[in-house]
Protein chains: 4
Amino acid sequence: MPKLGMGPVRRRQLVDATITSIHEFGLADATVTRIAKKAGVSPGIVHHYFADKDELLFESMRLMLKNLRSQAVARLTKAHTPHERISAIIDASFAPEQFSPKVTTAWLALYASAPQSKNLTRILTLYHHRLRSNLIYNLKQISPSANHVQLAEAISALIDGLYLRGALNPSLYKTTSPKTIVSDFVQSALTKGGQYV
Amino acid sequence: MPKLGMGPVRRRQLVDATITSIHEFGLADATVTRIAKKAGVSPGIVHHYFADKDELLFESMRLMLKNLRSQAVARLTKAHTPHERISAIIDASFAPEQFSPKVTTAWLALYASAPQSKNLTRILTLYHHRLRSNLIYNLKQISPSANHVQLAEAISALIDGLYLRGALNPSLYKTTSPKTIVSDFVQSALTKGGQYV
Amino acid sequence: MPKLGMGPVRRRQLVDATITSIHEFGLADATVTRIAKKAGVSPGIVHHYFADKDELLFESMRLMLKNLRSQAVARLTKAHTPHERISAIIDASFAPEQFSPKVTTAWLALYASAPQSKNLTRILTLYHHRLRSNLIYNLKQISPSANHVQLAEAISALIDGLYLRGALNPSLYKTTSPKTIVSDFVQSALTKGGQYV
Amino acid sequence: MPKLGMGPVRRRQLVDATITSIHEFGLADATVTRIAKKAGVSPGIVHHYFADKDELLFESMRLMLKNLRSQAVARLTKAHTPHERISAIIDASFAPEQFSPKVTTAWLALYASAPQSKNLTRILTLYHHRLRSNLIYNLKQISPSANHVQLAEAISALIDGLYLRGALNPSLYKTTSPKTIVSDFVQSALTKGGQYV
DNA sequence: AATGAATGAGCCTTCATTCAT
DNA sequence: TATGAATGAAGGCTCATTCAT
């Protein structure tokens, strides 16, 4: 009998190595050989667990989105009011495991290559849809009269923009908390006099 | 006798072809040969006008940022109040020539590869600094007590986030105007009760 | 306790799977993994029964030649005249088990790779020698004056040529019987007036 | 201006190197790098002139068939009787430039891989058709009552078989002329008493 | 005996870059 | 200035073979 059940272990190792390699070398130089070396395996084994490099990249993006979602779900179970739930969603995006240079760089690189990949576009769109629904649902309960669609889009774009800029300049949000930026924005928007109320 | 002054013309042709190619094929498949063909020249000539491919990519990003800046400058000369100047800056980012699928895709692709390029990081950082100064300067005049740094960062991130999402989904902002999203955000922030006031 | 006598069974399974795989995928794509899968075993076990892939291919060719010979021997025991014995040899080559697309394709592929393999060349040459001796021996008894060497070579080449063409076009000999082609050729050659008489 | 008109020259060089390499190393080991080295060029240039390796192999087969046809055409223009034309066709196949170890080995290797290649199957079938038509046309004039279809097939198969065996054993036809083998067969077949008359 | 995970060499192909013309 | 032929270094991927279990 050979070593059994190596599949999930190896797949996870390789996906981790992929994210790290993209951060370290950039997407263009994150070669299969380089990724394999970082995972401590031979280049050949990669294609034992992934059909091709595209699948490996896709799974890496998928893991990042899944982690993001896990963070959100964990926080949402502890939230009891619409306001808390909005905060939970925002906080999840800036949890230290997600909003780290390693992850934001890889996230941005894969995001940027999505227009050329049906699969990447698909899961990103799916993630966007879920986030949007979630936001809209809670926003409605806070302020029935607001333009929920526009506000949800604004929150989402703001989060993405902070990721984008964080990827370029890892020290940018050492002083200013990105979480605060989003929270304050939501607060402003929903305050009397705010355009979204 | 050689054609005179072909330099600037050719360089511009090639930079345009680069942006178009990145949009059309993606950064990874925007090869020198492909770009040259789109520009209607031979692959060899590219290295006559650009030291290497990196320089060509760098110049492409630089042109996009320069165009963005030109748009802003043109609008700023017609603006007379701080509010108008803030609007001018925002409007510039969403001028049709800039906020088109062709440009946003290329912009995002190059942005995402910036962490691996000192030059790209440098001009992007420079652009960020300018935008930030400009925003802060005008915000101060509108509301002396606001957290100008944070607000400027929020506006910038929101704009970048809208670019990012526009690149993935070109039809996203057919209904909701991205310009309105940013304007409304600024309005909320500066309205009494907003966190930024 | 280990299963006893699995050796010959497994070897035969693998050789059969090899022939089928060559027919189905071509020699170049008849990989060890593919062959193993067709035999219903794991890739690793192949090297338990065969030193390397070359040996597996060699044994496959050897089996085909052995089957050809078995067919001939079976028919020769029932033949009583030189003419019958010549016919027996020819008929053996076109027995349905041999002259099937599966076998002719594999036979041709291995034949074509023989120039690069000492072992393949050796058994093919051995087979040729035996066939030739057998033909010459019987031809001598039919017509002492004929050019037996040339005639034997002609018959052999004609049979091989029919295999070759049958491999390319499996439906070629649906109407014209290849056996008849050879028989008629022999008849012509040995008839008064024929160049071989 | 670059070196112009290198296309045809390089293509021919590479096709020649392919045939030689197949003879020397076998089809499986006739790698692009090996072929390029034999042609005295870099591996990269191969794909400048051929879409992929398959096209290179295809063109190699095509050249061999074209040469075969050229030989036949040249001889046919000097032939004046049906008998002479049949001889011309046969002689063409055994012209020293064609019936050399180098060519027969490559011819056999590519022939054997034809079942996996639509293109190879197509040109081989086309060649077969032409040869067959040509033979049948002339056989009809010699002997109106013969079974022309079967005889043409027999002649074709005999020629192919001699190529096949010549590829395995280059010294086989040093003593016995393959041309004589075919000629004598035709003679026998068309002589009174022969089965084909 | 048997598995399938793992290796590493090598293949086809692509591509930035150079160079002769 | 301009061409496109040519180079050579990778890159993704495949595969015979080995090995721990």
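Biologist: If a salt bridge means a side-chain nitrogen of Lys or Arg within 4 Å of a carboxyl oxygen of Asp or Glu, which residues are linked with B:Arg165 in a network of salt bridges?

Modeller: The network links B:Arg165 with A:Glu153 and A:Asp160. Before going further, please keep in mind that this is a predicted model, in which local features need pLDDT of at least 70 and side-chain atom pairs count only at pLDDT 80 or more, while totals for chains, interfaces and linings use all residues. Residues are numbered from 1 along each chain as its sequence is written, chains are lettered from A and ligands numbered from 1 in the order in which they are written, and side-chain values use heavy atoms, with hydrogens and water left out.

Biologist: OK, and how far apart are the N and O atoms of A:Asp160 and B:Arg165?

Modeller: The side chains of A:Asp160 and B:Arg165 meet at 2.9 Å, N to O. For B:Arg165 and A:Glu153, the closest N and O atoms are 2.9 Å apart. B:Arg165 lies in helix α8 of chain B and A:Glu153 in helix α8 (residues 148-168) of chain A, so this pair joins two chains. Helices here are DSSP runs (H or I, at least four residues), as strands are (E, at least two), and they are numbered from the N terminus.

Biologist: Is B:Arg165 buried or exposed?

Modeller: B:Arg165 counts as buried, at 5% relative accessibility, and A:Glu153 is buried too, with a relative accessible area of 7%. Buried means under 20% relative accessible area, exposed over 50%, and partly exposed in between, with a 1.4 Å probe and protein chains only.

Biologist: Zooming out, how many residues of chain B are in contact with chain A?

Modeller: Counting contact as heavy atoms within 4.5 Å, 45 residues of chain B touch 45 residues of chain A. The two chains bury about 3,600 Å² between them, 66% of it on carbon and sulfur atoms. Buried area is the accessible area (1.4 Å probe) that two parts lose on being put together, summed over both.

Biologist: And how many salt bridges and polar contacts are there between B and A?

Modeller: The rule finds four salt bridges across that interface, and nine residue pairs are in polar contact, with both residues at pLDDT 80 or more. On the chain B side, the elements that give two or more residues are α1 (6-25), α6 (101-113), α7 (118-142), α8 (148-168) and α9 (178-190). The largest share, 13 residues, comes from α8(B). By class, the residues of that side divide into 23 nonpolar, 17 polar and five charged. A polar contact is a pair of N or O atoms within 3.5 Å; within protein, one must be able to donate a hydrogen and the other to accept it, and residues adjacent in sequence count only if both atoms are side-chain atoms. For the classes, Ala, Val, Leu, Ile, Met, Phe, Trp, Tyr, Cys and Pro count as nonpolar, Asp, Glu, Lys and Arg as charged, and the others, Gly among them, as polar.

Biologist: What about D and C, how much area is buried there?

Modeller: Chain D and chain C bury about 3,600 Å², of which carbon and sulfur atoms give 67%. On the chain D side, D:Glu153, D:Arg165 and D:Leu168 lose the most area to chain C, together 20% of what that side buries. Between these chains there are four salt bridges, among them C:Arg165 with D:Glu153 at 2.9 Å, N to O. C:Arg165 also forms one with D:Asp160, again with the closest N and O atoms 2.9 Å apart. D:Asp160 lies in helix α8 of chain D and C:Arg165 in helix α8 (residues 148-168) of chain C, so the pair joins two chains. D:Asp160 and C:Arg165 are both buried.

Biologist: How far apart are the closest C-alpha atoms of A and C?

Modeller: They lie 11 Å apart, and no contact joins chain A and chain C. Chain A and chain D do not touch either, their nearest C-alpha atoms being 21 Å apart.
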